[in-house]
Amino acid sequence: MTGHSAIPQPGAAPFTERTPRVVAARKLTRRAEREKTGRFLAEGANAVEAALAHEGKVYELFVTERAAAQHERLLATAHESGVPVSPITDRAADGLSETVTPQGIVAVCALVDRPQETVLKPGAKLVVVLVDVADPGNAGTVIRVADAAGADAVVLAGDSVDPHNGKCVRAAAGSLFHPAITRIRDVDAALKACSAAGLRTFGAHGYADTELDQVTFDQPVAWVFGNEAHGLPQNVLDAVDLAVKIPMYGRAESLNLATAAAICVYTNAMAPNRAR
């Protein structure tokens with residue numbers, strides 16, 4: 001996204017919380033406004049760096065004086081990309097942040113999710129599907145795990161949280177811009193799309209008959225994970241190709257969603273390397 005000025009001029013008056021562009025950006029903390037404008041906020045150096053690496057994703061960069069001094073390289077990258085950099089006051093930064101301690105650097109970005117037909121297609125080797133996942137921190141962490149494991153895509157299905165939610169963006173730590181992201185409201189349609197792309201669907205389920213160490217990863221896989229409190233509903237378990245449980249060797253009854261996803265996805269990702 002090209003704009004008219006990049007690095008702020010020395011002595012330039014910073015935008016305040018009342019400046020119209022800051023006011024407009026602040027509205028992006030609400031899902032309805034994100035959907036309406038096709039934009040969201042990415043706060044923090046990791047997220048901003050990842051966003052700037054994808055040409056055309058950043059509309060504007062807001063930065064406090066302190067953050068500008070700390071992240072000169074990011075501001076230079078924005079300048080080279082033609083992204084407008086706007087100085088803001090600390091109070092304005094507080095309004096753009098959803099954290100107790102704002103980082104002072106926030107990018108206004110284009111939404112990252114893509115149409116499912118461009119994401120779920122033959123050739124994908126590893127996909128993660130989240131079904132009705134409500135906590136944005138969990139969703140963001142799983143997106144980060146998927147990225148680290150080399151997954152091709154992450155699907156947010158059913159009533160899963162908006163991946164552009166501020167907490168999700170922070171938890172993903174820049175990974176929101178790496179694997180392809182798509183949202184599919186109809187869970188059954190999401191599973192069918194995975195199958196049509198040549199992916200076997202494995203549902204994580206604590207009471208499954210098959211344990212993770214019994215699974216052979218000789219075909220492309222879509223891992224399906226359910227809601228934090230209730231797991232996968234029975235109709236989804238009936239629809240997947242295989243339900244899989246993580247063996248528990250100690251006294252813990254269960255693992256949280258992000259931990260379970262990390263174990264399953266990484267076990268899958270490492271299997272081809274171990275076979276060499």
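Here is a short walk through a sheet and a surface patch of this structure.

The model is predicted, so local features need pLDDT of at least 70 and side-chain atom pairs count only at pLDDT 80 or more, while totals for chains, interfaces and linings use all residues. Residues are numbered from 1 along each chain as its sequence is written, and side-chain values use heavy atoms, with hydrogens and water left out.

Let us start with the sheet. Seven strands form an open sheet with parallel pairing, in the order S7-S6-S5-S10-S8-S11-S9. Strands here are DSSP runs (E, at least two residues), helices are runs of H or I with at least four, and both are numbered from the N terminus; two strands pair if DSSP finds at least two bridges between them. At the edges stand S7 (180–184) and S9, each pairing on one side only. S7 is joined to S6 (residues 153–157) by five bridges, and Val 154 has Ile 181 of S7 as its bridge partner.

Now move along to S11 (242–245). S8 (residues 200–204) pairs with S11 over three bridges in the parallel sense, with Phe 202 and Leu 242 as bridge partners. S9 (residues 210–211) and S11 also run parallel, joined by two bridges; here Glu 211 stands opposite Lys 245.

Together with Leu 255 and Ile 263, Met 248 makes a nonpolar surface patch of about 210 Å².

Terms used
Patch = residues over 30% accessible without salt bridge, like charges linked within 9 Å, V, L, I, M, F, W, Y side chains within 5 Å. Areas by Shrake-Rupley, 256 points an atom, 1.4 Å probe, with all protein chains shown as cover. Salt bridge = Lys/Arg side-chain N within 4 Å of Asp/Glu carboxyl O.
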